[in-house]
Amino acid sequence: MIELQGLSKTYRSLFGTRVVPALDDLTLTLVRGEVVGVAGPNGAGKSTLISLLLGYLHPTRGQVQVDRLAPRRWIERHGAGYQAELVAIPARWSVETALHRYAVLAGVPGANVRERVERLLTDFGLADQRRKRVRELSKGNLQRLGLAQALAGDSDLLVLDEPTHGLDPLWTQRFRDVVRDLRRPSRLILIASHNLDELERLADRVLILHQGRLQKVVTAGAAPSDVGASRELAYRLALTAPHPAVGRVFPGAELVEGRGAEWVIRGDLATLNRGLAELVAAGALVAAFTPEQSRLESEFRAAVGGES
Amino acid sequence: MSGLPTRYAGWMIRDFVSGPGILMAVLAGFALLLVGNLQVVGPSGNADLAACFIALDWTTMTLTLIATAGLVSGDFAQGHQRTLFAKPVNPALYYLQRWLIGGMAVAVAALPIAYAIATRFDIPVLGVGLVARLGLLYLVLGGLVFLLSTITRRDWLVAIVLIAWQAALGAARSAGFARGLLSQVLAAILPPFNLIGLRGPGPEAADLTHATGYGALLLLGALAVLQWRPLARGARD
């Protein structure tokens, strides 16, 4: 669906005295049916990439095409569902008015607009806020309105920039359900976020950007063995009670301060499995064994060198 | 999907009426009050009639400035364009429609003033000619602000400076000054505000062609900028 060919963007001040490279030589194909995450530290180029994909910015070099069309041309024909990082909706519009207007702009037939607006108001918990002006909304509600307007149409391209920023845990969870419901074979969903846990749960692939370059494409949900069984991993081991065998089986185990029977242990997959078997054989009762960092988090740290 | 730009004309009109429309109504109301209270001076009342037409000119220009100020730049300054133009909407057509609504509003506000003048002085000023001259004024001045609005937030201010500059240059040339090459070039380049007034006899055919062509170029320029300019300056604005 989306083809990026050597895509680069450099910001220049009016007289060229200040040059800021934002994206450098990005080549990639994004296909319908997948959910793609975009991760990276601040200034990595995530928002610039989105602006280029939507045709808001022109590339300095390279090109981006959506179904072999320039992005603007594609969007003017089909429209995209887009939630900006900074939700900007005219402040004097009411919530209901805003959704009604964005549905009209999205090309929803007149007879269906009211029904669509009602559904969005209900789905995003905004029904009791419908008469409120946009300027009166809390950050969380504004974020939900931003997300609702992005879904006012029925586009095959959804671009969500920091969609859960400002949402409470309940709505963050609800957002995940919404994205799962939005999946369909003809649709590409792109989510840029700092929240790696969220991307790991939702995305099929995660692009890790750093200093404008694509550092890594991580296939989310893959087993750790996919990245090599010899790689050192960090896990948190919790026992029901302290056990003397821990120090012998895992000599480098670090006791988690303030937690009597919890350790951080490191090693490759084989070592960890052997050690666990030995520990259980020695009579220890394992209460939890969880990755110290998610896989995406590990990949992210490796890609950006600890900066976040 | 319903893709006609007219699908959002209704709420564009409502937003216009509850936004710049209020200021325009106040201004038009004030002008009507003024015309109604003028005393006829002399047997023909010509002195006041001339003053009325000058007032009509300036009122219409002010109405045009109000109707078009921030037309594009207002949305871009607030970042509204990002959400608007992710929808299947062409920016040039979107703002052209908004510009045309502004033109209709100027006509609706200015024509009653002209009608009041005609009634007050019992003269035939209304008709196709006046509407055409109103249209020409809006094409040139409204087109200028539209074009400026695609570039700068201070569109109306730059337009006022250009009007003042053109008026000063015209006055200097009438008084026999500013006859040099630079002045001649400037007189040719600056928007022909001197040709688009509503008072006096209509412009000559050559002047009419110049003003219409100039206005059309401004309008096409604005549409071309909207068609080709990036819709954002940076990653987030």
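## Where the chains meet

The side chains of Asp15(B) and Arg101(A) form a salt bridge, with N and O 2.8 Å apart. This is a predicted model. The count of salt bridges between chain A and chain B is 1.

The size of an interface is often given as the accessible area lost when the parts come together. Between chain A and chain B, the buried area is about 2900 Å². Carbon and sulfur atoms give 55% of that area.

## Chain A as a whole

Chain A has 308 residues, and 51% of them count as buried. Its elements are 10 helices and 13 strands. Along the principal axes, the C-alpha atoms of chain A fill a box of roughly 70 × 50 × 40 Å.

Now look at contacts in chain A with a separation of 6 or more. Residues 24 or more positions apart account for 68% of them. The accessible surface of chain A is about 14200 Å². Carbon and sulfur atoms hold 49% of that surface.

## Salt bridges in chain A

Over all chains, the count is 21 salt bridges. One of them joins Asp24(A) and Arg213(A), whose closest N and O atoms are 2.4 Å apart. Asp24(A) lies in strand S2 and Arg213(A) in strand S9 of chain A, so the pair ties together parts 189 residues apart in sequence. Asp24(A) is partly exposed, at 25% relative accessible area. Arg213(A) is also partly exposed, at 40%.

Asp156(A) and Arg184(A) form another salt bridge, at 2.6 Å from N to O. This pair links distant parts of the chain, 28 residues apart. Asp156(A) sits in the loop between H5 and S6, and Arg184(A) in the loop between H6 and strand S7 (188–192) of chain A. Salt bridges that share partners join Arg32(A), Asp67(A), Asp154(A), Asp156(A), Arg184(A) and Arg187(A) into one network.

Asp25(A) has a positive phi, near 55°, and is not a glycine. Asp25(A) is part of strand S2 (residues 19–30) of chain A. At 45% relative accessibility, Asp25(A) counts as partly exposed. Gln211(A) also has a positive phi, about 50°, without being a glycine. Gln211(A) lies in the loop between strand S8 (205–210) and strand S9 (213–219) of chain A. Gln211(A) is exposed, with a relative accessible area of 61%.

Is Thr164(A) buried or exposed? Thr164(A) is buried, because its relative accessible area is 10% and the cut-off for buried is under 20%. Thr164(A) is in the loop between strand S6 (157–161) and helix H6 (169–182) of chain A. Leaving out residues up to four places away in sequence, Thr164(A) touches Gln143(A), Thr172(A), Phe175(A), Asn195(A) and Glu198(A).

Conventions:
Residues numbered from 1 in each chain as written. Chains lettered and ligands numbered in written order. Predicted model: local features only at pLDDT ≥ 70, side-chain atom pairs only at ≥ 80, totals over all residues. Heavy atoms only, no water. Buried area = accessible area lost by both parts, 1.4 Å probe. Salt bridge = Lys/Arg side-chain N within 4 Å of Asp/Glu carboxyl O. Helix = DSSP H or I, 4+ residues; strand = E, 2+ residues; numbered from the N terminus. Buried < 20%, exposed > 50% of the residue type's maximum accessible area, 1.4 Å probe, protein only. Contact = heavy atoms within 4.5 Å. Areas by Shrake-Rupley, 256 points an atom, 1.4 Å probe, with all protein chains shown as cover.
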